[in-house]
Amino acid sequence: MTSTRRAASIVVLSCLILAGCKSGSLGGSSPSPGGSASAPASGAAGGAGRKIAVGAGPQTKYTVQQQPAAGSCHYRYEKGEPLEDLACTPGAISPAVTQANIASTICRKGGYTSGVRPSAYVTGKEKRLNAASYGDTGSLSDDEYDHLISLQLGGDPNDPRNLWVEPADPGHKKGSGVNNAKDPVETKLHTAVCSGKVTLAAAQQAIVTDWTTALSRLGLS
């Protein structure tokens, strides 16, 4: 009996030294299947690239959302066009819009966006706060409070991760109001999604990656 116990002790000691025994082989419990850090995040778009967060979706009553700290966000520029800060504005999609229901949501006749858009009272306050987040201290009359993933592409209506103060395009005539080059890109993507040329997820992924290259990335330019 003594020799048997001694042999078992040697086996256990060798296992620990060589780290050759998996968790649970000595009677311990196995890790939970849901505990893996590599488990896919909800809201994955496009299969490749970064995951896109899922927001709260359309609300019957919107409230002013907290914005990033003043001066903590910084614009990027691609050929002079303003791009969002990836940390402050990574984008967020609405759980109410899926590939399976686009015919009854974003692609339905009569429109979708007007029924889910927050009021100007809410977005006006958010715009001023977000401008401070991005260090934009000038006039906001030519700047758009923009959904990074537009409502017509299933973007979340009022998630702060999906909204940013987009400066006017280079060469934009001061005082002429909002007119950004990003808007027609969104419309073309919407048309492509509703006609079946690209998937909703692919369009969403392209717009959050870089809206200036979204069309060429999907072969639509």
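Contact here means heavy atoms within 4.5 Å. Helices (H or I, at least four residues) and strands (E, at least two) are DSSP runs, numbered from the N terminus. The structure is a predicted model, in which local features need pLDDT of at least 70 and side-chain atom pairs count only at pLDDT 80 or more, while totals for chains, interfaces and linings use all residues. Residues are numbered from 1 along each chain as its sequence is written, and side-chain values use heavy atoms, with hydrogens and water left out.

**Overall architecture**

- The protein has five helices and six strands, and from the N terminus on its elements follow the order α-β-β-β-β-α-β-β-α-α-α.
- Of its 221 residues, 39% count as buried, where buried means under 20% relative accessible area, exposed over 50%, and partly exposed in between (1.4 Å probe, protein chains only).
- Among contacts between residues at least 6 apart in sequence, 72% join residues at least 24 apart.
- The protein exposes about 12,200 Å², of which carbon and sulfur atoms supply 57%; accessible areas come from the Shrake-Rupley method with a 1.4 Å probe, and for residues only the protein chains shown count as cover.

**Helix α2**

- Helix α2 comprises 14 residues, 120–133, and reaches 19 Å from its first C-alpha to its last, close to the 20 Å expected at 1.5 Å a residue; the expected span is 1.5 Å times one less than the number of residues.
- The buried residues of α2 are Val 122, Thr 123, Glu 126, Lys 127, Asn 130, Ala 131 and Ser 133. They cover an arc of only 155° around the axis, which puts them on the same side of α2; the arc is that of the directions from the helix axis to the C-beta atoms.
- Tyr 121 and Arg 128, on the other side of α2, are exposed.
- The cover over the buried residues of α2 includes β5 and β6.
- Ser 133 lies in helix α2 and counts as buried because its relative accessibility is 0%.
- Not counting residues up to four places away in sequence, Ser 133 touches Gln 67, Pro 68, Ala 69, Ala 70, Gly 71, Ser 72 and Cys 73.
- Just after α2, Gly 135 takes a positive phi of about 70°.

**Strands β5 and β6**

- β5 and β6 run antiparallel and are joined by four bridges; two strands pair if DSSP finds at least two bridges between them.
- Tyr 145 has Val 165 in β6 as its bridge partner.
- In a regular strand, side chains alternate between the two faces of the sheet. In β5, Glu 144 and Asp 146 point one way and Tyr 145 and His 147 the other way, and all are buried.

**The loop at Gly 155**

- Gly 155 is placed in the loop between β5 (144–147) and β6 (163–166), and counts as buried because its relative accessibility is 1%.
- Leaving aside neighbours within four places in sequence, Gly 155 is in contact with Ala 92, Ile 93, Ser 94, Ile 149, Ser 150 and Asn 162.
- Val 97 is 58 residues from Gly 155 in sequence, with the two C-alpha atoms 8.3 Å apart in space.

**Disulfides**

- A disulfide is a covalent bond between the sulfur atoms of two cysteines. The criterion applied is a pair of cysteine sulfur atoms within 2.5 Å, and by this rule the count comes to two.
- Cys 73 and Cys 88 form a disulfide with their sulfur atoms 2.1 Å apart. The torsion about their S-S bond is about -100°, so this disulfide is left-handed.
- This pair links distant parts of the chain, 15 residues apart: Cys 73 is in the loop between β1 (53–54) and β2 (76–78), and Cys 88 is in the loop between β3 (81–83) and β4 (92–93).
- Cys 73 is buried at a relative accessible area of 1%, and Cys 88 is buried at 13%.
- Cys 107 and Cys 194 form a disulfide with their sulfur atoms 2.0 Å apart, and the link is left-handed, with -90° about the S-S bond.
- This pair links distant parts of the chain, 87 residues apart: Cys 107 is in the loop between β4 and α2, and Cys 194 is in helix α3 (residues 182–194).
- Cys 107 counts as partly exposed at 22% relative accessibility, and Cys 194 is partly exposed with a relative accessible area of 34%.
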